Structures are given as structure tokens and as C-alpha cells.
2 protein chains.
Amino acid sequence: MDAIDICYASAGELAPLIKNKELSPVEIIDAHLARIEATEPVLNSFITLLADQSRAAARQAEADIQKGNYRGPLHGIPVALKDLYNTGGVRTTSGSRLFDNFIPEEDCTVAARFRDAGAILLGKLNMHQFAYGPTGENPDYGHMHNPWDPEKVTGGSSGGSGSATAAGQCTITTGSDTGGSIRIPAALCGIVGLKPTYGLVSRYGLTPLSWSLDHPGPMVRTVEDAALAMNVIAGYDPKDVASAQVDIPDYTSALTNDVRGLRIGIPKEYFDAPLDPEVSVSVRDALDLLESLGAVVTVVDLPMYKDTQAISTAILMAEASAYHQDLLGRDGDKLYPPIRLRLEAGLFITAADYLRAQQGRTIFNRQARRLLDDVDLLAGPTEPVTAPQLLAERIQVGEHEMGTTAALTQYSRPYNLTGFPAIAIPCGFSQSGMPISLQLAGRPFDELTVLRAAHAYEQATDWHKRRPPI
Amino acid sequence: MDAIDICYASAGELAPLIKNKELSPVEIIDAHLARIEATEPVLNSFITLLADQSRAAARQAEADIQKGNYRGPLHGIPVALKDLYNTGGVRTTSGSRLFDNFIPEEDCTVAARFRDAGAILLGKLNMHQFAYGPTGENPDYGHMHNPWDPEKVTGGSSGGSGSATAAGQCTITTGSDTGGSIRIPAALCGIVGLKPTYGLVSRYGLTPLSWSLDHPGPMVRTVEDAALAMNVIAGYDPKDVASAQVDIPDYTSALTNDVRGLRIGIPKEYFDAPLDPEVSVSVRDALDLLESLGAVVTVVDLPMYKDTQAISTAILMAEASAYHQDLLGRDGDKLYPPIRLRLEAGLFITAADYLRAQQGRTIFNRQARRLLDDVDLLAGPTEPVTAPQLLAERIQVGEHEMGTTAALTQYSRPYNLTGFPAIAIPCGFSQSGMPISLQLAGRPFDELTVLRAAHAYEQATDWHKRRPPI
């Protein structure tokens, strides 16, 4: 396996080689550092690269494994975290120079769990400031660039996670998803992004954006790697008030390649919404393929889908402004102006507006949950378009010209409201070579069904094997 | 037993007589209707009196019991509900003439459970409009008057429940408690009021005031009757989203008369707050008595107590205004002006303010809950004063002159924030003959300990046997 193949190998492929001492973590980290050196001038995925630290950790992992202390499938695997995951002793900026010197004393729970599993922290990833945007702009640490076309956005807010994973800079990365911030960059960069059920992965030590909507999760290149990451990071944490006390299965048990009889519902509203025809065709082809594998695909009604943008926006803006109010008063002039504007606007949302939005959310959630009494999954596009040009404020979506934020979040926001697990997986490419993505969502805490369908689809296609031109 | 003794008898005393056919429900209802006729011109407890309907129900109950179909301790017992509890076929005004003609089709869950238990609905009780006030003013249906001195308030918002129960107009009544609306009138009228744990009694079919703070519960003359009422109304209801799925004990099992070793903590802040010296002495005497019965009384610290008025006010005003916003726009000029003003003011609370108040609530709740790791109950006065004059906007509390609402809610609001069960029980009388009340609060869903301590205290005293001069 040459250096570039190591960089594009999944954790699932690397793990047995590491375990059997056929491949050293040192070799793996060196390959990735070289890949980062070659691609980072274009991509700008990292805010903080831990070259020396990751090499030292790789040597330690190598020594431990030589001594027979193999910890499991993530031992020696490179992991990088979105830069709002606190890392003890390593600066954590949340994408803002205001926190350029903020060095947490303690790891967030996710970082601690990766560390305990033997994963090697390669660095901290670039992001939309304070996770407050769906594109991947960041004037403080430089904009993020899409490996499939650097003039295009990565999607956000976890843009560095998207580009690093897609370009073979890192094997496993993490994002946080409040209105789509895992699934959007996963879709636009052509990788797998899993937003787990609300409360399943601890948020302790993560900078909040909107606490009733925030979901941490893995961004990877294969569904198997999503399962391997979830095996490490999912589970109850008393330090997160929203953490759920549920039994955690072995997520790799979902990788059965069997979707016979699985009932998949397509909300018809998803295809009535503004949608690029190329994306529409790819997603319909993907659903046809799942049907040919034995799934039962039906059309369902989700009429309140049309209200989810307004509901989600009101809740997100209100909670974000409440959280950042002190910062705004102290250092508003040092924030990226579009984010400052959004935070200031959010302060004008009344409590009555917010509470009505939460009531609307409850009604929508019941409507969506009832659908899942009759089907096992809800499916549709993750994004209505492929990656837009960097800094485009408005874009063309099929026949509609619309705001970029509204377009990029239209299919992702509903599942932040419901808290359902939702995965984005590659399902094709546009004529211009940009990735297209299928979204599958399931019942709360039923990640196994989501992963099973995503894996079966993935294994029947080659999309995940394509490498970006960079 | 003469008619007046029937009116002042508890359900616990009446039940065996009914069961053994020594006393007919017809006789009981007739006695109460006569008592109401005699006292209602002064008290004004009822908005709707169901004279014919309750007589018919009493005859039915008598016949059923004669036939051997005795349903249990509430069979044939007069019950009256605060007029925001929906009653199928019986108008439910929420204290406002705007709903003078509103006749619900369906019983609320509490009303249905009382009905199924064989209790007889005597009428619907007067209340502060929309439950939005702690005194007992109601220009639409007339102010409520305290049976111990009709120039004094009953306390609110469940004022009619307080006066009806205290004056022997009804055996069991209900209130709803958002900032103290069960415990305040219970305290000022000299009866027992239990605010159960948040989520333990269904709110389905009740007009909300502030849904994260609203608690329905019983208002009675003895602790045993509180237990008997809870046996009927407590328990999971899928129609209330906040309803808790917990096991329901037999609440009468708490009536052991044994408080040996029970640990009672007195937050020192309760006695540092504005407090009438007569009340202070009575409450301290009550705690001394509990100690002499074997309880272990200690002083504890609850420093965030001082923040609970502000936190509770922000949450309550925001939620009340969100709920009543449409009504305010449509019929604002028909609301009682002080309530209209409060609802309008609540619309100016921002979502950021509201969310910060909810965050403050979380921190306070943890502080209070931690105390209950070391003690079994928290104790103190229910009210810092005895009942104020009707319509007094400001009152003297010890050395402080303060707003009536702030004074009357100062000890009750904290347990709306925490959701802890809290009971108000009579613990003495002022020189001028007005009731004084002890408040005991316990761990969530630990009503048994709250009832056990309240019952043991009650049984060691005669306060609950006094009858008001009316």
C-alpha cells in the first residue's frame, strides 16, 4: 500500500493491518502529514496541525501494539476534530481569532473517548466561525476549499472536516450539526456524514451553537468507519444534560448488506422543493437501486416540511444569540460581520416567538415521527444542489434563485428539529464532477437501520471509491 | 353527625360512613349545598354551582352503593374544581367573562379520574383570571373573600378553592400552581395544599398559564385527604406531553405518624428574607415540634434562592404571553387591566432573556437538588405574612414594605422552578386569628416523605380542627 493509498484507506481497512503489525501507525501518520503538506495550501482544512505531537503518539501506538497492547479498531488511526471540540493542552478556537490563545485544560468527552481508543489526534479543523453558517467561510483562518473544485465551498459549518476527509488528509473527522453542519459538508465534499440521534453523542466540551439542536457526529469516507467511530463516541455522559441513557449496540452489526423488506418513505415535499435536476436524477437512481436490492420504497406526506426553515431559524437564532450575548457585547466588532449581524438580529426575537417556534417544532416532530410508524427510513437528497461558488450569497436551484443558506439547509434542518439520526452518503456526481448525496433518516436511536441501508447502498456502488482531483 | 359536621368532615372520615351506608351521599351533598347557600354571599367561592346535577349524582351514588357497587374512598364525596379544569358539558371560564359561554365537550383528565372514582362534582371554583395572580381578585365574577376575615384576600390564583375548602363548602377541591397558586391560598385560608411533582398529575384539559411551571394538585383540609385525592389523580397520561411515566404508590401508606430520623433542612435564606415575626415564631415552633417527634432538623444553604423571583418571573411572563398572545390581540380590552398589562409586558421579553432565565433555573435546580442528597425535606414558611387586605398593592412584611405579588410568591416560586413536591399545612394563627402555614418540599416523586412529615405534624396539633368564624 503506497502512501496515497494509506491516506484513502478507511479505518476498517487499516485496522487489521495495524493489528497484525503489517502497517505501523508511524507510517500512517507520516503518509497523512505528507498528504496534508501537499494539499493544505489549496484546501486550508486545518486551523491547528499537530505534526510533532501526532508523530510522537504514533510511535507510542506502534510500541504499545508491538508489546501486544492493541486497543481496538481505532488504535493508530488518524483523527482530527472540528475546532470547537475542546482538546486539553491544544488550542480550540471555535473558528475565531478571539480564541486564538484559548487552550482548554481538559478534553471534551468525544476527544477523550477517541484518545482512550488509541486514535491519534492529527489536528483541529477549520470551520465556519462559531459554527454559524452552512458554507465554509472563515476570514480569521482563511476560507475552506472543496477538494473537487477549490473555487467551490466545502459546505459548513464543519468545512475543514469535509475537505480533510474527502482529500485523504485524515481518516476520521468530526463535525457538529445544528442545521446540517455535518451533512452539508459531507454532501458537498462527497463523503459520509452521520448526525446521530440527539443526545446519543456527548456535547460536553463543545462550543454550543443552539443547544436544543446541536448534534456531534463522525465524518468519514465509508459507512463502516461511521459505525467504528460511533462504537467509540456514542453513549451516556452525565456531563451533558441532554445525554441519553440508552443501550449502545455494536454499530458494525448493521453492516449486513441486507435491505430486503426495509421500508423507505420519500416525503413528496422533498421533490416539490427547489431542486437541481441533476441532483434529482441521481437521488431517484439511488432510491431505485435500493429498491432493486429489496427495499420497499413508497411516497409519504410530510406537509409541515414547508414550515421547518422558519421554525428552525427562530430557535437557532434565539439560542445562538442567548449563548453569545456577552461575547457580542464585548467583542462584536471582532466577529465576522455576517455572523455579528445574525447574532445581533437574534437578540430581537421575543420569547413569545421562540416559544411558538418550539410549539411548532413539537407538532412537526409528531408528524414526522408518525411517518416512521409506517416506514423504517425517510429518504431524499441531502442537498438540492452541488457545491456553490465560494462567497455566493444567492444561488440558482433548479428554476429558483434563492439565498445560499436557505438552499443548503433546506433538507437538513428538519432532522435537527426532530433529533432523528440522519446520514449523508455519496450517490453520484454532476456533469461538472461535483458530488451528489443521498440522505437517509431513521427513528430516534435506530442508527442501526440507518447504517444498514447506507452500507448496502454504498457496497452496491463505486461512488465512495472516487478520489478528488487534488 | 349534624350538617355542619358533615361539611367539615374529611373524605377520610366520610368514606367509611358512606361505605357502610351509615351516611348517604344525598345527605352529604344537601349539607354542602346548604352550607354554600349560607356562606356564598360573603365568600363568592363558586363561578358555577351544580346544585341539581350534584343532587342527581348523589342519588345515583346512593343507589349504586346500596346495590353493593362501592367504588372506593371518594365515592359520594363532594369535589369542586378550579374553573380552568375543563368539564364536559359544564362551562369552564378560566375566570374570564370572555369564556362565559365556553362549554368543553370533554372532561380534563383530572375531572375524568374523579368521576370514575365516584366523586361528585359540586361546581367550578372562582379564581384569579387565567390564574395570573397570587391574591384572589376577579372583577368578572367578583373578588374572593377569606373565610377567616372577608376583608382579607383568599390568596390566589386558586382562591375559590381555598375559601370553599376552608369554609366547609366542599370536601376536596383542586388548584393549579405556577408560582404558588395552590400553596398560597392554602396557606392564607388555613388548609392543606399539595403541589405534586411536575409531571405527576396530568394537565390535559387545563388552561395553561406557564407550561414549564404549571402543576395541578389537591386542596383539602387534612393530609389524609391529600393522599386520597392523589391516589385518584396521580399517574401517567399520554395526552400531557410533560406527564411522567413513574410508578404510583398508595399515598395513604405515608400516614405512619413516624418521622424518627427524618432529616429536615431549613434553608437559612428563608429566614433572612422579609418575614413577619409572628409567622417566623409559628414556623420555628412547628419545626421544633417535628424535632421533638424525632426528625433531625438542620440549617442548610440555598444561596441562589435570592435569584428565584427574577428567574421565575421571566419564564412565567414569557410563557403566559406566548400562550395568550392571540387572545391579547383579539380581546385585550376585555381583560382585567393588571393582567392585560402583565401579558403585554411579557411580549417584550426577548428569547435571549428567556433562555438565560431557563439556564439560571437549571443551575438553581441543581443547587436545590444537591441539598436533598443530605436531607429528606426542605422546610420553611409557606407565606411570609398572613392574608393581606383585599386589593392592597403593597404590604408590610416585617420591616419591609413590598409588592404584594412579590411577597406572596417568595417562598412558593422556588419549587415551581425545581418541580419538587411541596405541601402547605396549617401551623398556627396570628393574634388577629389569621392562619399561618408551614411548607415542606421533597425530592421529585417522593410525595410519600412529604405527606408522612406533614401528617405526623398535623396529628400532633389541633390547627386543622379550627373552623373559620363564618
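Before going on, a word on the ground rules. This is a predicted model, where local features need pLDDT of at least 70 and side-chain atom pairs count only at pLDDT 80 or more, while totals for chains, interfaces and linings use all residues. Residues are numbered from 1 along each chain as its sequence is written, chains are lettered from A and ligands numbered from 1 in the order in which they are written, and side-chain values use heavy atoms, with hydrogens and water left out.

Back to the two chains. Chain B is superposed on chain A by a rotation of 180° with 0.0 Å of shift along the axis, and the RMSD is 0.0 Å. That is the relation of a two-fold axis. The superposition is by least squares on the C-alpha atoms of residues with pLDDT of at least 70 in both copies.

Now let's look at the sheet in chain B. Helices (H or I, at least four residues) and strands (E, at least two) are DSSP runs, numbered from the N terminus. Two strands pair if DSSP finds at least two bridges between them. In chain B, 11 strands form an open sheet with mixed pairing, in the order E1-E3-E2-E4-E6-E5-E12-E13-E9-E7-E8. Strand E1 (46–49) and strand E8 (296–300) of chain B stand at the edges with a single partner strand each, so one side of each has no neighbour in the sheet. From one strand to the next, the twist averages 30°.

Let me zoom in on E9 of chain B, residues 377–381. How many of its residues are buried? The count is 5 of 5, where buried means under 20% relative accessible area, exposed means over 50%, and partly exposed lies in between (1.4 Å probe, protein chains only). E9(B) runs parallel to strand E7 (residues 263–267) of chain B, and 2 bridges join them. Across that pairing, Leu378(B) in E9(B) has Gly265(B) opposite. With strand E13 (residues 435–442) of chain B, E9(B) pairs in the antiparallel sense over 5 bridges. There, Gly380(B) has Gln439(B) in E13(B) as its bridge partner.

Elsewhere in the sheet, strand E5 (residues 192–195) and strand E6 (residues 215–220) of chain B are antiparallel, with 2 bridges between them. Val192(B) sits opposite Val220(B) in E6(B). Helix H10 (residues 277–292) of chain B packs on the sheet, touching E7, E8, E9, strand E12 (422–429) and E13 of chain B, and its direction makes about 50° with that of E13(B). Axes here are lines fitted to C-alpha atoms, for helices over the stretch in contact, and angles run from 0 to 180 degrees between N-to-C directions.

One glycine is worth a stop. Gly175(B) lies in strand E4 (residues 172–177) of chain B and is buried, at 0% relative accessible area. Beyond its neighbours within four places in sequence, its contacts (heavy atoms within 4.5 Å) include Lys82(B), Tyr85(B), His215(B) and Met219(B).

What about cysteines? A disulfide is a pair of cysteine sulfur atoms within 2.5 Å, and the count over all chains is 0. Cys7(B) is in no disulfide, with the nearest cysteine sulfur, that of Cys170(B), 9.7 Å away. Cys7(B) is buried, at 2% relative accessible area.

Finally, charges. A salt bridge is a side-chain nitrogen of Lys or Arg within 4 Å of a carboxyl oxygen of Asp or Glu, and the structure holds 49 of them over all chains. Arg91(B), partly exposed at 21%, meets Asp100(B) at 2.5 Å, N to O. Lys306(B) and Asp307(B) are joined too, with their closest N and O atoms 3.3 Å apart; Lys306(B) is exposed at 62%, whereas Asp307(B) is partly exposed at 26%. In chain B, Arg340(B) and Glu344(B) form a salt bridge at 3.1 Å, N to O. These two are 4 residues apart in helix H12 (residues 337–346) of chain B, a separation of about one helical turn. Over in chain A, salt bridges that share partners link Arg263(A), Asp376(A), Arg443(A) and Asp446(A) into one network.
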